Amino acid sequence: MSPERKYLGEFEQMVAAAILRLGEKAYGVSIIQTIEERTGRPVSSGALSVTLDRMEKKGLLRSRLGDADDGRGGRPRRYVDLTAEGREAASEARAAMLRLWQGLGTAYER
Amino acid sequence: MPDFVVALLETMVADPVSRAGLIGDLEERYRLTAPAGRIRASAWLLGELFVIAYHYGFGRRMGMDTLRRDLSFAFRGLIARPGFSALVITTLALGIGANAAIFSVVSTLMVEPLPFEDADRLVIINEIEPSGFTASVAFPNYRDWRERNETFERFSIFLPSSRRFTTVDGARVLEVGWVMGGFFETLGVDPEVGRYFSEGESEPGAERLAVVSHRLWVDEWGADPSVIGSALTLNDEAFTIVGVTPSDFVLYDETDVYLPLGVVADGLPWDDRQTSVGAEIVARLAAGVPVERARADLQAIGAAVEAETGEEVDAANVTGLRAWFLGDTGYQSMMLMAAVSLLLLVACANVANLLFIASERRGGEMALRTALGASRGRIYRQLLTESMVLAVLGGIAGVALAVVGLNALLVLVADVLPPGFAGRIGMDAPVLLFAAALSLGTAVLAGFLPALRSARAELAQRIRSAAPGSVGHARGRHVLVATEMALSMVLLVGAGLLISTLARLQAVDKGFDGTGVLTFRVQTPGDTRETWMGFHETLRDELNALPGVTSVATSNHFPLAGNSWEMLYKDEGTPPGEEGESVLLTMVSASFFDTYDVAIAEGRGFLPSDRWGTEPVAIVDETLAAARWPGQSAIGKRVTFEQPMGPDGERADLWRTVVGVAAHVRHYELASPSRIEVYTPIGQSAAWGFTSYYSVKASVDPSSLVPAVRRVVARLDPSAPLYRIRAMEDIIADELGPQRAMRELLSAMAVLTLLLGSVGIYSVVSHGTALRRKELGLRIALGGAPSEIVALVLRDSMLPIGMGVVAGVVGAIALGRALRSVLYEVGPTDPVVLGSAAVILVTVGTVSAWLPARRAAHVDPQRVLREE
């Protein structure tokens, strides 16, 4: 049985990259801040949450709850980490993107 | 983050890890956004909520899937019973629509902020005489109150008047407000353009500056801002326009132009406490001072001044701006709100009734579902969902109805509302919220009781006894019918009281007859007494010559004109040193008594020969004659109420001989007698040059005379504008405006309530007969005559109708008491009104019960018995 190929959508790629960047500190708010800082694109918590749910369901990441936090109204953080499968999918997505863009230089810029 | 948002989020996300993470994230980010301001943070949160709702959907956790199922089930059920659904929705729409429409008026009147800075601190002050009549403010009182008070931040005075305004197109009269003491500063609103003149610029010796009203600015100069700095010529004096009031400057709505009182200060009685010329005080309370304390403060000042000077100081009548604007309208609108809520209660009772019946008819279905394992909670919920769907649909239809109804309502009450308010009434957010709350409340109220009953365990046995419903429930339905009847009775009586009041007011002996009289006012300068008198004599003659005109009168005011001349009266019986009594002075041409058909009870009317230089004469009214000379003739008595300036410059009492006694005329309002009245011949009056009031009685439609009247006046003096042209019958009709509006509204509510009540009785009785079909069929089979069957059914419904009438009488008496301020010579226990209402109610109730009863009497017994 060949393992099913898992593709990452554009937003999933961003999330995956942010998680890798953040390491142990990856949770909702830090992921959003990372993406917003680096892409300038506003991210809503709801969209991120549902994406994390989906990626977890696909086995690409796992989450665990941290300790309750007063700065969050007593709610714990949902820390996330890519599984081996998730890392593989992220790496594959990155490579695919690079292959597509290679050699184009800046010709597309007007 | 607000708690309810957290609670909402809790219902949206099912997975506990995702939920904790998401809510925590939002809380963290909300706190980061908070410094940007509440509005920004809330907007951000709202955006997030939409995204979450989009991704996760509402109610995943709280069994909302069942809600969705219940909803579609409810809709299917309602579509399957279109007649029932339409009836319930229409009933609710009537109740909610009527309430929303009235509420939109009431909320605007009572809650909407007035367009002035801190309007709650603004008050209007006039005086109350010991006799109880209100009067305008005497200047010395204004000065003393202003200088000595410790409860006001600002204290300004407003004196209404009128002036001729001459343009290239001719002359017209402008309503002028002379102001002093910081009128504009007191109100605290910015001008539309330009500036206001300041407190300092309104003192004696003031420059001739003018602030024009928004209306005049638009009408006269097409809202051209460059009008600032140009001249406005009033009575041949040029005033410089410095500013324009904003469009919502609703205080003294009729005023066209505001001028500094200092300009005319010389001619005013600054030191005469007994004379007032129409001024009112516009003041701003100091922060935190209640009206009562301010009133007590002015009262104490008055007492101190009386002690110091020995002069009488009238009590200060301090009225908050909103109360001043509303007058009785505020109370009346609250009454209407109370009345219309009765209509809603009847609608609720009706819907509860219909749901009751529906649930009984569906007893079998519910029992089956219970037997198949549906929990009691499920059944509750489904029934409540149904009534909720009905209420929401009823609410939507109600709002649509309210929009239509509000337009009709505004037409009806437009003339009764204070100026500036009508334009602000509409279906705004508070009204829609109110309607939504009503719909939900109705759903719970009307839906809960039947739901409770239907879900009872006893239902299980209904499967066995295939007949739905039971006689025991009849009692509950009868209570509802009795309630509906009682509430209908209350509204019927309310409408009846107003109908009776209006009829009495229309028939009241007002002392004069305004039928066919056209009124208007003329201002003409007249250089001397002779030219002024001459002008009016000629004008009367010319108007008299117009076709259709039967009589023309000139006077210094006329009944219900909204203003009056009052003087202090003395006669030979008045003890020396006494100040005298305030009386209404009406200066009239000889034709006045004919024009208004005022009866001369004794002596004679005036003659054209009663003119300046002949023996001074007066006519007094019956009230005066009866009070001063009981049992004697008033003719030949000597009276005085004028102190004209003599040739030596001294003022002296002018004594007149009474030549006639006239009927009392209701000058201020139709509902109550006015002050004592005295009349003098205008040709013999000490005063002249005032605005003259004309009354032209004609045998033709008064309004058809207007063009001819204008031509006559223009020919005599093109610079003498006539204004406020109105038929006296219209003036009288306006007086009755509040009563008329109340009568129309209460009658409409009573009819609607009665209609709903009769639907209620009809449905209850027809349901009852349906339940008893078998029994009735058996009776018919055994030889019961149709009339006996009808009587049997009717007897059952008579009890709740009777109980309703009795309970209604009690409620109606309470309503009648609350309505007292608009009632006239009719009490809440008026037997004719109570009796008529009871008769109407019992008749409508009986007919509503008779229709289904008759049908029941004609069932085919064979078919009914075979149905088993």
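**Two interfaces in the predicted model**

Between domain 2 of chain B and domain 4 of chain B the count of salt bridges is zero, a salt bridge being a side-chain nitrogen of Lys or Arg within 4 Å of a carboxyl oxygen of Asp or Glu. The structure is a predicted model, in which local features need pLDDT of at least 70 and side-chain atom pairs count only at pLDDT 80 or more, whereas totals for chains, interfaces and linings use all residues. Residues are numbered from 1 along each chain as its sequence is written, chains are lettered from A in the order in which they are written, and side-chain values use heavy atoms, with hydrogens and water left out.

Chain B is divided into domain 1 (1-62), domain 2 (65-111 + 329-464), domain 3 (130-313), domain 4 (476-506 + 738-866) and domain 5 (524-720), with bounds that come from an automatic or database domain assignment. The contact (heavy atoms within 4.5 Å) takes 28 residues from domain 2 of chain B and 30 residues from domain 4 of chain B. The area buried between these two domains, that is, the accessible area (1.4 Å probe) lost on putting the two parts together and summed over both, is about 2,600 Å², of which carbon and sulfur atoms give 80%. Three residue pairs, both members at pLDDT 80 or more, are in polar contact across this interface. On the domain 2 side, α5 (82-110), α11 (329-361) and α13 (376-413) of chain B each supply at least two residues, and the largest share, 20 residues, comes from α11(B). Helices (H or I, at least four residues) and strands (E, at least two) are DSSP runs numbered from the N terminus.

At the interface between the chains, 24 residues of chain A are in contact with 21 residues of chain B. The area buried there is about 1,800 Å², with carbon and sulfur atoms giving 54%, and A:Ser45, A:Arg72 and A:Arg75 supply 30% of the area that chain A buries against chain B, more than any other three residues. The count between chain A and chain B is three salt bridges; A:Arg72 forms a salt bridge with B:Asp25, in which the closest N and O atoms are 2.9 Å apart. Of the side of chain A that touches chain B, the largest share, six residues, comes from α3(A).

Note on methods
Polar contact = N/O pair within 3.5 Å; in protein donor to acceptor, adjacent residues only side chain to side chain.
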